[in-house]
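Hi everyone, thanks for coming. I'd like to walk you through a structure I've been looking at, and then I'm happy to take questions.

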Amino acid sequence: MAKIEVKNLSKVYGNSPEKAIELMEKGKNNEEIRKRTKQVVGVRNVSFSVEDGECFVIMGLSGSGKSSLLRCLNGLNRASTGSILLDGQDISRVNTQELREIRRNKIAMIFQRFALLPHRTVRDNVVYGLEVQGIEKEKRNEKVMHYLKLVGLEAWADYYPSSLSGGMQQRVGLARALATDPDILLMDEPFSALDPLIRQEMQEELIELQKKLQKTIIFITHDLDEAIKIGDRIALMKDGEIVQLGEAEDILLSPATEYVGRFVQNVDRSKALTASAVMVKARSVVYPKDGPLVALHIMERHSMSGLFVNDRKGVYMGHITADDALRIAESKERQIDSIIRQEAPTVSPDTTLADILEIVAYTQIPVAVVDEDNILKGVLVRGSVIAGLAGERMDA
Amino acid sequence: MDQIPRIPINKWTDTGIDYLQAKWGSSFEIFSEHMEELILSLQDLLIALPPGLIIIIFALLAWRFAGKKVAMFAIIGFYLIYNVNLWEYTMLTLAMVISAVVLCIIIGVPLGILAAKRIGAHRIIWPILDFMQTLPAFVYLLPAVTFFGLGVVPAVIATLIFAMPPVIRLTTLGLKQVPEELIELGHSFGSTFSQMLFKIELPLARPTIMAGINQCIMLSLSMVVIAAMIGAKGLGGEVWRAIQRMEIGNGFEAGLAIVVLAIVLDRITQSFGKSNN
C-alpha cells in the first residue's frame, strides 16, 4: 500500500465551493470559475501516490497550487473534494482530535521562512513538537540534543534564532521536524530563502540524511534543478493541476506539454541527465577468444581504431587498440586476450553528465558504461554526450 | 423633521439606571465594599513600608529594565516627593493606579484574546471601546457614584472605563500580527488551543500587549485628578484642593509628583515590551 494516496483532490477557496466544483467538472478553467462564482481554485482534481521512503517533489511556479496542495496533506487546508489517505486513513475526513494526533506523531512540516519562534532558544524551538506531545522534560531534552547533533548544531542549543544564519535556522527547522520522529516530512520550499551556495549544501545534506532516515518526503520547489537533484519523482503543477508526473529524465526528455517544455528549457541538463540517457549501444564488441584478424575486420568495417571487449555474459573486460591487434596478427597469435587494456575509465549508468564531461574530455576513446555487475550497458561517444546536453535524444 | 416625536434617550437612561439601582443595588454595594477593602489594604501596605525601601525597589527595577539614567531619575524624583511631604498621597495614588491597571489586565487581556479569535466578539466589543474612549469622563462619573458610592471604588471603576480600551485593542492587534507561518507551525505540530495561545501567540504578541499596558498606566494616572472629584484621596485630591483654594504652588507640587510617578512607571513598563529575550 502506498504511504500517501491522493485521489481526485480539489481545493477551492471561498464560501461556496460547490458551485465552483460543479463548473470545474464541466471543464471550465480557473479564471472563468473565478469570474462567475468568486471562488478561487487552488488545487484541481489531483491524484498521485507516494511510496514509503520516497522523496516526491511537487514543482511549479508561484500560484500553481503547490503550497495549497501541500497544506491539504496535513489538514492545514481542508480538501473541498477528494480523499487523502495516509496509511489508509483519510485525513480529509478525520475529526479535530484525530487530526491533532496525526499531526503530532506522523507528519511534520518545514517552512520556507523557517518559522522559528523568536522568543525561544534553538533548543526550545526543537523541543516544541515534543512539548506539544506532552513528553516529560528529561526524555525530550535527550532527543533534542540527538537531533541537534544530527544537523550539526549542538553547540548552538542555547542561542536565539536571530543570531543564526539562514542555513543554520533551517537546520533548526529540520531538527524540530525530525524530533517527533514523523514518517512523513512536508517541506515547503525549504531552501528557497537561502543563498545559492548554502542551498546546495543543504540539498546535499538532506540527501545524506534521507539515506539514513528513509522518511517519506513531500518537497515543494519552484527550482527544477533542485527538483531533479532531490526528487525520486517529480510532479509538475500549473493552474492547480498536475501537468506531468514522472522521474526527472521523463520530464526532461519527453515533456508532456509545451508548458513543461518551456519549464525544462533552462534547466542545467548536465546535472539532470545521466549516462544511461545519452549512451549509445556498443555495436561492435569482440570476445577475448576472438582472433586479432576478426577484431581488425570489425574495426575496419566501422572505421574505428579500437574495440571494447566483453565475455559471453556481457561482462566488460577492457578494450583493444588497432595497433596492438596488428602487432599480434603479424606475430600470428590466435587470441586477443593478451592485448586487452584495462586502464580506460568506466562510468555507471547513474553518473550525471556533469561528471561524464570531464572524463570524456580527457579520454581519447569512447567511455564504457557498466552497471554494478560490470556488465557493459553502452558507450559514451562525444557526439551523444553533446547532443544530450543540447536537449536531443540520440536514438542508437 | 419634526413629525417624529423627540426620542427620550435621557429618560430611558434614567429609568435604566434606576432599574439597575433598584434591582442590583445591594449587589453593587457588597462588591464595592470588598473592592474597597482590597484597595485600602494595598494603600495601607504601601504607606506602612518605609519610603527608603520603596525608593530602592523602584530604583532597582528602573536600573534592571530601563538603565542607569532612569534609576537616577527615580531616586531623585521620589526623594523630592518625600521631601515636599507628598509621600503618603503618592502611595495612595500608586495603590489606586495599581488596582486599576491590574483589573484592566485581568479583564482586558482575555477580552482582547476573544476579539482576536472570534469575529462576532470583535463586532460587539469594538463599538463599546469607541464609546468608552470618547464618552466624556464626567458623564459616567455620576452613575459610578450612584452605584458604588463616593470614594476610591467609583474612582477605580471610572479609571477602568477610561484606561482599559488600549489593553483590549493592543492585545487583539498583537495576536493578529503573529506571522501566519508561525500559526501554521503551531497547527502543523498538533497544538491545542491553549498550547497555541500560551506557547506561540501570547509570547509573540507580548511587546504589543505591553505597549497597551503602558498606555493603560499612563491613562490611569491622567484620571487621578478627575477621580479626586468623587472622593478618591491622593495626589489628585491635593491638586483638586489646591485648585479650589487657589494655592498655585501646592497644586504645582502635587502635579509634579504625578509627572514623576508617570515617567518612572512609563520608562519601566516600556522596557518590558522591548527586549524579547
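Let me start with a term: a crossing of two helices is called right-handed if the near helix is turned clockwise from the far one by less than a right angle, and left-handed if it is turned anticlockwise. Please also keep in mind that this is a predicted model.

So, on to chain B. Helix H6 of chain B, residues 137-148, passes helix H7 of chain B, residues 152-176, in a right-handed crossing. The two pack at an angle of about 140°, and their axes are 9 Å apart. Angles over 145 degrees would count as roughly antiparallel, so H6(B) and H7(B) are oblique to each other.

Which residues make this contact? From H6(B) we have B:Ala137, B:Tyr140, B:Leu141, B:Ala144, B:Val145 and B:Phe148, and they meet B:Val153, B:Pro154, B:Ile157, B:Ala158, B:Ile161 and B:Phe162 in H7(B). Sorted by class, that contact has 12 nonpolar residues, with no polar and no charged ones.

H7(B) has another partner, helix H1 of chain B, residues 9-48. Here the axes come within 9 Å and cross at roughly 90°, so H1(B) and H7(B) are roughly perpendicular to each other. On the H1(B) side you'll find B:Ser32, B:Met35, B:Glu36 and B:Ile39, and on the H7(B) side B:Val152, B:Val153 and B:Val156. This contact has five nonpolar residues, one polar and one charged.

Now let's turn to where the chains meet. In this model, 15 residues of chain B are in contact with 17 residues of chain A. On the chain B side, the elements giving two or more residues are helix H8 (180-188) and helix H9 (193-222). H8(B) gives the most, with six residues. By class, this side of chain B has six nonpolar, seven polar and two charged residues.

Finally, two backbone details, for those of you who like loops. B:Asn85 is not a glycine, yet has a positive phi of about 60°. B:Asn85 sits in the loop between helix H3 (68-83) and helix H4 (87-117) of chain B. Is B:Asn85 buried or exposed? Exposed, because there are 9 other C-beta atoms within 10 Å.

Over in chain A, A:Asp239 also has a positive phi, near 50°. A:Asp239 lies in the loop between strand S9 (233-238) and strand S10 (241-246) of chain A. With 16 C-beta neighbours inside 10 Å, A:Asp239 counts as partly exposed.

Note on methods: Residues are numbered from 1 along each chain as its sequence is written. Chains are lettered from A and ligands numbered from 1 in the order in which they are written. This is a predicted model: local features need pLDDT of at least 70, side-chain atom pairs count only at pLDDT 80 or more; totals for chains, interfaces and linings use all residues. Axes are lines fitted to C-alpha atoms, for helices over the stretch in contact, and angles run from 0 to 180 degrees between N-to-C directions. Helices (H or I, at least four residues) and strands (E, at least two) are DSSP runs, numbered from the N terminus. Angles under 35 degrees count as roughly parallel, over 145 as roughly antiparallel, 65 to 115 as roughly perpendicular and the rest as oblique. Two residues are in contact if their C-beta atoms, placed from the backbone, lie within 7 Å. Ala, Val, Leu, Ile, Met, Phe, Trp, Tyr, Cys and Pro count as nonpolar, Asp, Glu, Lys and Arg as charged, and the others, Gly among them, as polar. A residue is buried if 20 or more other C-beta atoms lie within 10 Å of its own, exposed if 12 or fewer, and partly exposed in between; C-beta atoms are placed from the backbone.
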